[in-house]
Amino acid sequence: MSTSLVRTTAVLGRRLAVGALVTVAVAVGNFFLFRLAPGNAANLGLVPNASPELRRSLERQFGLDQSTAAQLKAYLLQLAHGNLGISFGNRQPVAANLWTALVNTVTMVVPGLLLALALAVLTGVYAAWRRGSASDHALRAVALTMFAIPGQWLGMVLLYAARGHLPAGGISDPFLAGAGLQAQLVDRVQHMVLPCLTYALIVYGAFMIVLRTSLVETLSEGYILAAKARGLSNRLILRRHALRNALLPLVTLVGLTIGTLVAGVILVESVFSWPGLGESIYNAVNARDYPMLQGAFLLLTVVVVLSNLVVDAAYSYLDPRVRS
Amino acid sequence: MASETLLEVRDLNVWLPAAAGAPRVHIVRDVSFTVGRGERLGVVGESGCGKSTTLLSLVGLLPARAAVSGSIRLDGVDLLGGASPRGERLATARGRDVGVVLQSSMNTLNPVYRVGRQMMEGLRPEVRTDARRARARVHDLLERVGLPPRVARAYPHELSGGMRQRVAIALALAPEPKLLLADEPTTALDTIVQARVMEVLDSLCADGQLSVILVSHHLALAARFCDRLMVMYAGRAVEHAGRDTISTRAGHPYTRLLLAATADIGMRKDDVVSIPGAPPSLALAHEGCPFEPRCPERFGDCADRVPTLDQIGVDHHVGCFARQTKGHLA
């Protein structure tokens, strides 16, 4: 028992070390990547019609007048102290900006993911159990349609459908700032409904298809017939014997989805003016806000690395064959 | 042999759906047999002759679109008919009065659960709900198939093929069934492990309480283990007799060829007999005896009519015109 604990710790330690290495490598790569784009923060309309003197002064202030090597050295030194720098855009610490954006994104993505998962498990299990039936075909058609629909278009259709009933954008109503807690809470939830639903529907399609396929495959396994032969009820066979084995590909997919957070989220956030990570990155790109971009991409790197670790852990929890 | 009848199957017919659009295929044709309490029946024949389908239909494990007719009575209760919707009684019977060891029993175990947990699922409710009794019962079952208690804590992938097969048998025995259906239980195992598993099965039947139907393509193995044998060909029973009758006075040419086709380590390559040709596809209609194209004793009638299973001796039934008209061969 203790030897397996030692082994688990060793594996975990190695994975964390590799993750840290990947993060540093990505940080360096990103530093160069953003500087490949033409223009910089000082000459890109931060101050319209800025005089050459003002521009030079801004460049000095942002450190853009130094050599690339010196800038990299300064960035890495800063990073080593856990300091992500100051945003060129709003002169606030990048960490504080990112934290606000991350919290906003997570409050949209997590309920959306959970909703998508719940829908996918319900419909996926039903379709797999009645595979080949008309309802199976219909559910798959719906899922494939959801998978194929462009997210921003779906968002706008939902906006149109809910016009007058739900707020069209933003995360809260600024005029409710002084109102009671309950009114504010209701307002926040109302603002969440459309973005969460849009995000859930975008990711739902792939979840459902993957789960159904994997479940159909699992249901043809020998141990399912054997479980039937032992007289177990259909419910028990589905829940205990089929679903757990069929969940593995879905776990991978959810991990990947979380890892590629921004790709799906940026569209939804831009439709609903949701002040999350996607929108921050979009604005930072336009403003060549290097510290903000470097910080945001570092955050995404950490999210990808961590979600991979979590997927691996979930795998070894779900499937004992992975452990040995 | 014990004369009390446990299982009585009459005129069993099974049709399975083929590919979409194609007519359904008549897999099992008018098969009747009985199994007495404590009796061991062997069902033998080549692949594709309907042995496994016959067995699976007894416990309702065929695909949902399969059609079954005839009667299956276990302890006098008709499992197919009756007021309850079809399948309900089959489901109750399987896993309670009937244990099943499947052909693919190497994959009988769910890879993600420990062996003990899977065995507990099969225990009768009154045993399962008492953790201490359940654990004792699992260890007892493992002991009966010759495995140490620690196997209960292992995952399936940590066991050898032979061990997994014994676990599969223990699983089938968990609810203390009266009848054990074993579908090629040793096919995937090497000869030595196969012999051990058959020993285990033998010891389980020693007290005369458990009846067994063993499906095998291995006539010699089935004849060693079983009291009676039913030889199947192209969905029909072609010979049905006690094992001694089969080994000494087999009536059907197919049975005799199967017996002759058994290889022995002392034989030379040229001595090994095989039956030329292959069983007919059940999807294609054919008239006459289905074995006729491969039969060394065929004559006039064989190509036109299907022989019925007639009694030609004491407890000896054969479906062959050659035997029915000419009587026993010496």
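**Two domains in chain B**

Modeller: In this predicted model, the centres of domain 1 and domain 2 of chain B, taken over C-alpha atoms, are 28 Å apart. Domain 1 of chain B is built from two stretches, 5-97 and 177-316. Domain 2 of chain B covers 104-176.

The two domains touch. The contact joins 13 residues of domain 1 of chain B to 15 residues of domain 2 of chain B. On the domain 1 side, helix H7 (residues 191-204) of chain B supplies the largest share, 6 residues. By class, that side of domain 1 of chain B holds 10 nonpolar residues, 1 polar residue and 2 charged residues.

Now the strands of chain B. Four of them make an open sheet, in the order S2-S1-S4-S5. The pairing is antiparallel. In general, strands of a sheet pair through backbone hydrogen bonds, either parallel or antiparallel. The edges of the chain B sheet are strand S2 (25-36) and S5, and each pairs on one side only.

Take the pairs in turn. Strand S1 (residues 5-16) of chain B meets strand S4 (residues 67-74) of chain B over 7 bridges, in the antiparallel sense. Within S4(B), B:Leu74 stands opposite B:Leu7. B:Leu74 also stands opposite B:Val77, a residue of S5(B). S4(B) and S5(B) form a hairpin, with 2 residues between them. In that turn, B:Asp75 has a positive phi of about 55°.

Helix H1 (residues 51-58) of chain B lies across S1, S2 and S4 of chain B. H1 of chain B runs at about 65° to S2(B).

Next, chain A. Chain A is also divided into two domains, with domain 1 at 1-81 and domain 2 at 95-318. Their centres, taken over C-alpha atoms, are separated by 29 Å. The contact between them draws 16 residues from domain 1 of chain A and 13 residues from domain 2 of chain A. Helix H1 (residues 2-36) of chain A gives the most to the domain 1 side, with 9 residues. That side of domain 1 of chain A divides into 10 nonpolar, 5 polar and 1 charged.

UniProt, in an unreviewed entry, places the feature "transmembrane region" at residues 12-34, 108-129, 141-162, 192-211, 246-272 and 292-318 of chain A. Two of these spans can be set against the model. Residues 141-162 of chain A are 86% helix and 0% strand, with the end C-alpha atoms 24 Å apart. Residues 192-211 of chain A are 100% helix and 0% strand. The end C-alpha atoms of that span lie 27 Å apart.

Last, the contact of the two chains. Chain B brings 20 residues and chain A brings 17 residues. The side of chain B that touches chain A has 10 nonpolar, 7 polar and 3 charged residues.

Key
Residues are numbered from 1 along each chain as its sequence is written. Chains are lettered from A and ligands numbered from 1 in the order in which they are written. This is a predicted model: local features need pLDDT of at least 70, side-chain atom pairs count only at pLDDT 80 or more; totals for chains, interfaces and linings use all residues. UniProt positions are given in the numbering used here, feature names are shortened, and annotations may be inferred rather than shown by experiment. Helices (H or I, at least four residues) and strands (E, at least two) are DSSP runs, numbered from the N terminus. Two residues are in contact if their C-beta atoms, placed from the backbone, lie within 7 Å. Ala, Val, Leu, Ile, Met, Phe, Trp, Tyr, Cys and Pro count as nonpolar, Asp, Glu, Lys and Arg as charged, and the others, Gly among them, as polar. Domain bounds come from an automatic or database domain assignment. Two strands pair if DSSP finds at least two bridges between them. Axes are lines fitted to C-alpha atoms, for helices over the stretch in contact, and angles run from 0 to 180 degrees between N-to-C directions.
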